[in-house]
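Hi,

Here is the structure I promised to pass on. Have a look, and my notes follow below.

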Amino acid sequence: MNQGDEVTLEILGVNGAEHPSAIVGYDLSFTVKRGQLTTVTFNADKAGVFEFRCGTHQPSMVGELSVLPGS
Ligand SMILES: [Cu+2]
């Protein structure tokens, strides 16, 4: 995605009952639950690589959100 984009993440919970998660640096938190689609909408106003992580399943359950700089 590019900086300035309006972004919607759709995350489907498959394994594990609950995943209380956050995107570090974007001040976003949400909980993914098994069998449910979690929707997170935000404006990608900061460029960079941001870690998203589940607070329960560490150190393995992490990902990265990459936002390319705007022109
Ligand atoms: Cu988890």
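First a quick one for you: is Asp27 buried or exposed? Asp27 counts as exposed, at 77% relative accessibility; the cut-offs are under 20% relative accessible area for buried, over 50% for exposed and partly exposed in between, with a 1.4 Å probe and protein chains only. Asp27 sits in the loop between β2 and β3, and its phi is near 55°, a positive value in a residue other than glycine.

Before the rest, some housekeeping. This is a predicted model, with local features needing pLDDT of at least 70 and side-chain atom pairs counting only at pLDDT 80 or more, while totals for chains, interfaces and linings use all residues. Residues are numbered from 1 along each chain as its sequence is written, and side-chain values use heavy atoms, with hydrogens and water left out.

On the fold: the protein has six strands and zero helices (DSSP runs numbered from the N terminus, E of at least two residues for strands, H or I of at least four for helices). From the N terminus on, the elements run β-β-β-β-β-β. The C-alpha atoms fill a box of roughly 40 × 25 × 15 Å along the principal axes. Of the 71 residues, 27% count as buried. Among contacts (heavy atoms within 4.5 Å) between residues at least 6 apart in sequence, 50% join residues at least 24 apart.

Now the metal. The copper ion has His19 (ND1), Cys54 (SG), His57 (ND1) and Met61 (SD) as its protein donors, at 1.9 to 2.5 Å. Donors here are N, O and S atoms within 2.8 Å of the metal (3.2 Å for Na, K and Ca), and water is not among the atoms, so sites may look incomplete. In sequence the donor residues follow H-x34-C-x2-H-x3-M. His19 belongs to strand β2 (residues 18–23) and Cys54 to strand β5 (residues 48–54), so this pair ties together parts that are 35 residues apart in sequence. His19 is buried at 5% relative accessibility, and Cys54 is buried at 2%. The site is tetrahedral, with angles of 93 to 129° among its four donor atoms; for four donors, that label asks for all angles between 85 and 135 degrees.

Then there is the largest pocket, with a volume of about 170 Å³. A pocket is an open set of points on a 1 Å grid over the protein atoms alone, where a 1.4 Å probe fits, with protein on both sides within 12 Å along at least five of seven lines; lining residues have an atom within 4 Å of a point. The volume is the space filled by probe spheres set on the points. Of the 14 lining residues, the closest to the centre are Ile11, Ser21, Val32, Phe52 and Met61. β1 (6–12), β2, β3 (28–33) and β5 each supply at least two residues of the lining, and β5 gives the most, with three.

Two last spots to check. Gly63, in strand β6 (residues 62–67), is buried with a relative accessible area of 17%. Leaving out residues up to four places away in sequence, Gly63 touches Phe50, Glu51 and Phe52. And a cis peptide bond joins Gln58 and Pro59, with omega about 10°; Pro59 is in the loop between β5 and β6.

Cheers

Key. Four donors count as tetrahedral if all angles lie between 85 and 135 degrees; four count as square planar and six as octahedral if opposite donors are over 155 degrees apart and all others between 65 and 115; anything else is irregular.
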